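Biologist: Please examine the structure shown here, and let us then discuss how some of its parts are arranged.

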Amino acid sequence: MELTCANHNNHTQTEVDPKIKPPRQPPLADEPVQKFVRHYDKEPFDFVSARNLSKPTNVIESTGHLIKGCLGGGILGIHEAYMKAGLWTSLVLTVVYGFYITYCVHLLVKSAQVLYQRLHVTTLSYPDVAEAAMEIGPFPTLRKYSKWFRYAVDTVICIDLFGACCVYQIIIAKTILQVAEGVDDDINRLRLYVLILLVPILLMCMITTLKYLAPFTLLADVFIVVCVVATLYYSMRDPPPISTVPAWKDGLGLFEFSGIAIFSMEGIGVSLPIENNMKDPLKFSKVLCASMCVVVSFLILVGFFGYWGFGELSESPVTLNFPIDSAFPIVLKCLMGIMIFITFALNFWAPFNLVWHYMSKKHDAKRHWLWERVYRAVFIVAISAIAIGFPNIGNLMGLLGAFCLSNMGFIFPAIIELLVIWEDPGLGKYKWRLWKNVLVLLVGVLFFFAGTYSNLRGLISNLQ
């Protein structure tokens with residue numbers, strides 16, 4: 001560094017070469033330290049080659065994982081959704097929602113991959129993407145809320161997955177009730193079986209590692225495929241004329257259908273973990289399209305033929321509509337109940353670990369073993385209490401779809417993409433990128449309010 005010093009009137013003046021940047025100063029005590037730092041390198045960061053994965057997945061494996069992530073217990077109640085909105089209306093909307101959800105997942109993953117390059121990182125979770133997009137985003141006044149955006153994503157994910165556990169517990173209880181007593185419409189007996197399940201579920205969820213539970217996921221997927229085939233077989237044994245099946249019901253039923261359908265096919269929560277583990281993450285769009293084609297096809301098969309064949313008196317889960325006069329459907333119901341019981345523990349593991357990440361900081365590390373199990377018990381009791389209070393599978397799934405997935409699947413991805421593209425590449429001619437995301441946001445807000453209202457109304461009206 002060249003310095004020229006001159007003394008004039010006992011004052012010293014220093015000229016610094018303008019080409020030399022001053023050293024970076026540490027943040028002031030009252031300034032928040034940024035978790036994510038944007039890099040302005042001219043050369044893009046190659047996050048694909050920089051990834052160091054011990055067991056990366058290829059396109060086919062990733063497609064299988066995404067199908068498993070999207071297809072859960074929701075498919076067992078999709079026929080009830082068709083019953084609420086009408087046969088042909090539901091068929092068309094299932095395809096429309098399939099395209100819409102696919103596009104919103106694409107928005108999230110594409111935004112994440114842009115952030116990889118800007119932050120020089122190789123992977124990000126959904127909450128990471130939300131926090132990073134706002135923290136390095138174009139609006140300085142919003143950056144201080146980046147942590148709250150992360151907490152919002154975490155909260156919605158937990159509500160969605162814990163809510164799915166409520167649905168699973170009701171499905172298991174209804175299956176036991178029908179197989180054991182031959183009835184499926186006694187709500188007080190159903191609540192009793194939900195209460196009885198509290199103890200075995202509590203014991204199962206004390207398992208704190210996936211090592212002993214993960215092998216059962218493949219069996220659960222096999223039984224879902226078997227249920228799809230069995231639904232086609234039993235529903236088409238003596239179906240009514242298709243012209244007698246209502247094509248449209250009403251607006252309230254439409255929003256109830258929307259919540260259940262979105263709950264049944266939404267896989268945005270597992271999309272980034274799958275992309276993070278891909279050998280070639282730039283091919284995720286192919287994985288997404290192939291997976292959603294399979295998911296939508298399965299939902300149409302169970303929903304369309306289930307409602308057509310079993311009619312207005314059909315029950316959820318769809319296995320309750322299978323006959324009980326032969327051994328195969330009874331065995332299938334029992335095995336499906338066992339698989340959903342194990343799936344409950346798998347589904348509980350992810351959101352509880354997220355909650356425990358925050359709660360563990362409040363306790364002495366030496367007593368974490370005890371407190372973790374105390375919190376597990378508290379959450380299981382709370383889930384069981386909700387299932388006892390609202391033992392309605394259809395409306396409960398619809399409420400989760402409307403309340404959680406309208407935010408997680410539609411509203412949050414649109415906000416994230418706006419934050420990422422606002423400055424680079426910009427909003428485009430006539431600000432088309434802005435209006436596109438505003439439309440996505442408006443649809444998400446409509447689903448949130450209308451779907452939440454209609455399904456809450458259904459839950460309350462079905463209380464006895």
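Biologist: At roughly what angle do the axes of helix 4 and helix 11 cross?

Modeller: In this predicted model, helix 4 spans residues 87–119 and helix 11 spans residues 268–276. Their axes come within 10 Å of each other, and the crossing angle is roughly 40 degrees.

Biologist: Which term describes the orientation of helix 4 and helix 11 to each other?

Modeller: The axes cross at roughly 40 degrees, and angles under 35 degrees would count as roughly parallel, whereas roughly perpendicular begins at 65. Helix 4 passes helix 11 in a right-handed crossing. The two helices are therefore oblique.

Biologist: How many residues of the contact of helix 4 with helix 11 are charged?

Modeller: Helix 4 contributes residues including Cys 104, Leu 108 and Tyr 116, which meet residues of helix 11, among them Ile 268, Leu 272 and Glu 275. The contact residues comprise eight nonpolar and three polar ones, and the number charged is one.

Biologist: Is Arg 51 buried or exposed?

Modeller: Arg 51 lies in the loop between helix 1 and helix 2. Beyond its neighbours within four places in sequence, Arg 51 is in contact with residues including Tyr 116, Glu 275 and Asn 276. Its relative accessible area is 10%. Because the cut-off is under 20%, Arg 51 counts as buried.

Biologist: What separation is found between the C-alpha atoms of Leu 192 and Leu 177?

Modeller: Leu 192 belongs to helix 7, residues 187–196, and is partly exposed at 35% relative accessibility. Leu 177 is 15 residues away from Leu 192 along the chain, and their C-alpha atoms are separated by 9.5 Å.

Technical notes: Residues are numbered from 1 along each chain as its sequence is written. This is a predicted model: local features need pLDDT of at least 70, side-chain atom pairs count only at pLDDT 80 or more; totals for chains, interfaces and linings use all residues. Side-chain values use heavy atoms; hydrogens and water are left out. Axes are lines fitted to C-alpha atoms, for helices over the stretch in contact, and angles run from 0 to 180 degrees between N-to-C directions. Helices (H or I, at least four residues) and strands (E, at least two) are DSSP runs, numbered from the N terminus. Angles under 35 degrees count as roughly parallel, over 145 as roughly antiparallel, 65 to 115 as roughly perpendicular and the rest as oblique. A crossing is left-handed if the near helix is turned anticlockwise from the far one by less than a right angle, and right-handed if clockwise. Contact means heavy atoms within 4.5 Å. Ala, Val, Leu, Ile, Met, Phe, Trp, Tyr, Cys and Pro count as nonpolar, Asp, Glu, Lys and Arg as charged, and the others, Gly among them, as polar. Buried means under 20% relative accessible area, exposed over 50%, partly exposed in between (1.4 Å probe, protein chains only).
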